[in-house]
Amino acid sequence: MDPLNNIKISIRRIEERPQDSWVDMSLRKLRKGQVRFYRVNDPLTGQWLFKACYDDEMRRTIIKALKCPPGGGFVQLEGRTMLFQKSLLEGYSYDVISLSYLDEEERLRRNVVANAEEVPETILNNFKVVDYEEATGKKAIGKKLVTLCEERDEKKMIMLFLLQRAWPISKVQPETAARMNDLLKSIKDLERAMLNEVYSTAEEKFGLTKEDTDLILGLLEAEGKIQKFEEYVKTKP
């Protein structure tokens, strides 16, 4: 099962500026171009606000996280960017695959992915993954694999930001969150569901532990889809 198929991420454009400016830190220059803002609801990690800056002259897009969900890991992503550059493969932009992790002091770090076995299935199943040299025509030390997405497809670029930067440091595993809709349907079928019935159903039908079920119930409650009481839960109308 690909968790991404069952976790419905909502990405909605809320503002567009045909001409604006930003600082491109990789170039150390002020650039101009089209800027768009997106509000994102990711059931796995929470609410986000992103800015997408398109440099028409260089045909590159910068995706920047302006507002992140609460939590020590996510807050360190605020202000972080992901760069998508024009590929040799016509019509595509690429980014070098690297995955976030938290070190022993809970500081945000990143690892550049060296081989396909290290690429999460959610990326392999939903995006084209190729060698850096194939995408760019150049060799570079430490740059091994890249993802490709259609040029100017900012929603897919935001999705890749989440998959590479946010999902790896989420306390809820994608496979667990993917069962969220299944568990919600079971609660609806039971109308007013006793918690022990929910735990039993989650374990028997979906193979979820009590801890995983509690995580999902917390997500559903935070989204306003259920009400959780001491001994039972029920869906909100």
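The structure is a predicted model, in which local features need pLDDT of at least 70, side-chain atom pairs count only at pLDDT 80 or more, and totals for chains, interfaces and linings use all residues. Residues are numbered from 1 along each chain as its sequence is written, and side-chain values use heavy atoms, with hydrogens and water left out.

Helix 7 spans residues 180-190 and helix 9 spans residues 210-222; helices here are DSSP runs of H or I with at least four residues, strands are runs of E with at least two, and both are numbered from the N terminus. The two helix axes come within 10 Å and cross at roughly 80°, with axes fitted to C-alpha atoms, for helices over the stretch in contact, and angles running from 0 to 180 degrees between N-to-C directions. Helix 7 is therefore roughly perpendicular to helix 9 (65 to 115 degrees). In this contact (heavy atoms within 4.5 Å), Met-180, Leu-183, Leu-184 and Ile-187 of helix 7 meet Thr-213, Ile-216, Leu-217, Leu-219 and Leu-220 of helix 9.

Turning to the sheet, three strands form an open, antiparallel arrangement in the order 11-13-12, where pairing requires at least two DSSP bridges between two strands. Strand 11 (192-194) and strand 12 (226-228) are the edge strands, each pairing on one side only. Neighbouring strands are turned by 20° against each other on average, direction ignored. Three bridges join strand 12 to strand 13 (residues 232-235), and Ile-226 has Thr-235 in strand 13 as its bridge partner. Helix 7 also packs on this sheet, touching strand 11, strand 12 and strand 13, and its direction makes about 95° with that of strand 13.

Methods:
Parallel < 35°, antiparallel > 145°, perpendicular 65-115°, else oblique.
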